[in-house]
Protein chains: 2
Amino acid sequence: MFELDLRSRRPIYEQLVDKLKQLIINDVLKQDEQLPSVRTLAQQLSINPNTIQKAYRELEAQGYIYSVKGKGSFVSQMVAENNEHQIKQAKDQLKKQIAEALFIGLTVQDLKEILEEVIGGEPNDSNAERK
Amino acid sequence: MFELDLRSRRPIYEQLVDKLKQLIINDVLKQDEQLPSVRTLAQQLSINPNTIQKAYRELEAQGYIYSVKGKGSFVSQMVAENNEHQIKQAKDQLKKQIAEALFIGLTVQDLKEILEEVIGGEPNDSNAERK
DNA sequence: TTAACTGTATTAGTATGTTTAGTACAGTTT
DNA sequence: AAACTGTACTAAACATACTAATACAGTTAA
């Protein structure tokens, strides 16, 4: 399903959270699609089921998936409600990131290109309402 | 000089690296300005000098400061040369971050505002050359 | 030269976090 | 009932972060 760097100083469960987020965001894993079970995925990746569970728990806490005992774990639909804190955090982080990018040498042109590139693949959301 | 959250799960030295980066990027610490010595800063922050040193070592590795034995640590001038890898990394990370921001509910309008906001405080760099 | 500063290195001990292993229990599906 | 699902718990191994103490080398000013 994907590759992990077991030798990295970055915890496996964090790598897992990141990879799965990307799959969900990029719509590779679609809404309500079932994720592999903790045991199955653990076997596929040759790591401990507890590590998978930790990643799933984190993803559930962040609202990316939901788990049902006895059934499985599924991709949840992202709702912009109740996310004010998360949104503010994302904004702050982006500001930092952009300032740092400029500092190390990216041009304003670079940034605009990146923005256009990412927006290109997204449905136009600029009329969306958020309470 | 700044505040640290000793109770955070985030390592102290990482918080230090982050704070100092921000000070350098925002020109609070200016080029060739001397940073507090590892011992002085350690005393001010009530933490171990080794932890400061670890942060300084990391900042030096990332090119933000340079240290001279017997003299001290100083803010270095950021050069866009030799940073191709770092720049590519920053671009990739920004793309990820933006995609995630859109996913959790930020609008394209939000992103454009953020970009304008950060660019506003920066010298216009769009004519800069990078080999 | 000496004293007091600077960065740097090393060793050891403690604490915390990550990962594995094993076991167990509850709910679902066939 | 059997085989799957998520979830919880304990114990041990291991890695990392941090502190503490000490030491050494280079710089600077008295």
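**Pocket**

I started with the lining of the largest pocket: helix 1 (12-25) and helix 4 (84-104) of chain A, plus helix 1 (12-25), helix 3 (49-61) and helix 4 (84-104) of chain B, each put in at least two residues. Helices here are DSSP runs of H or I with at least four residues, numbered from the N terminus. Helix 4 of chain B gives the largest share, 11 residues.

Housekeeping before going on: this is a predicted model, where local features need pLDDT of at least 70 and side-chain atom pairs count only at pLDDT 80 or more, while totals for chains, interfaces and linings use all residues. Residues are numbered from 1 along each chain as its sequence is written, chains are lettered from A and ligands numbered from 1 in the order in which they are written, and side-chain values use heavy atoms, with hydrogens and water left out.

I looked up the pocket volume next: about 2900 Å³. My notes on terms: on a 1 Å grid over the protein atoms alone, a pocket is an open set of points with protein on both sides within 12 Å along at least five of seven lines, a cavity is a set where a 1.4 Å probe fits but cannot get out, and lining residues have an atom within 4 Å of a point. Points are joined across faces, edges and corners, and the volume is the space filled by probe spheres set on them.

The pocket has 47 lining residues, with A:Q93, A:Q97, B:R10, B:E14 and B:Q93 nearest its centre. I got 14 nonpolar, 14 polar and 19 charged (Ala, Val, Leu, Ile, Met, Phe, Trp, Tyr, Cys and Pro are nonpolar; Asp, Glu, Lys and Arg charged; the others, Gly among them, polar).

**Symmetry**

I superposed chain A on chain B: a rotation of 179 degrees with 0.0 Å of shift along the axis, RMSD 0.2 Å (least squares on C-alpha atoms of residues with pLDDT of at least 70 in both copies). The copies are thus related as by a two-fold rotation axis. The chain A C-alpha nearest that axis belongs to A:L94, 3.8 Å away.

**Cavity**

How many cavities of 30 Å³ or more does the structure hold? I found one. The largest cavity has about 90 Å³ of space. A:L94 turns up again in its lining, as does B:L94, and A:I98 and B:I98 are also among the lining residues. Helix 4 and helix 5 (108-120) of both chain A and chain B each give two or more residues to this lining. By class I read 10 nonpolar, no polar and no charged.
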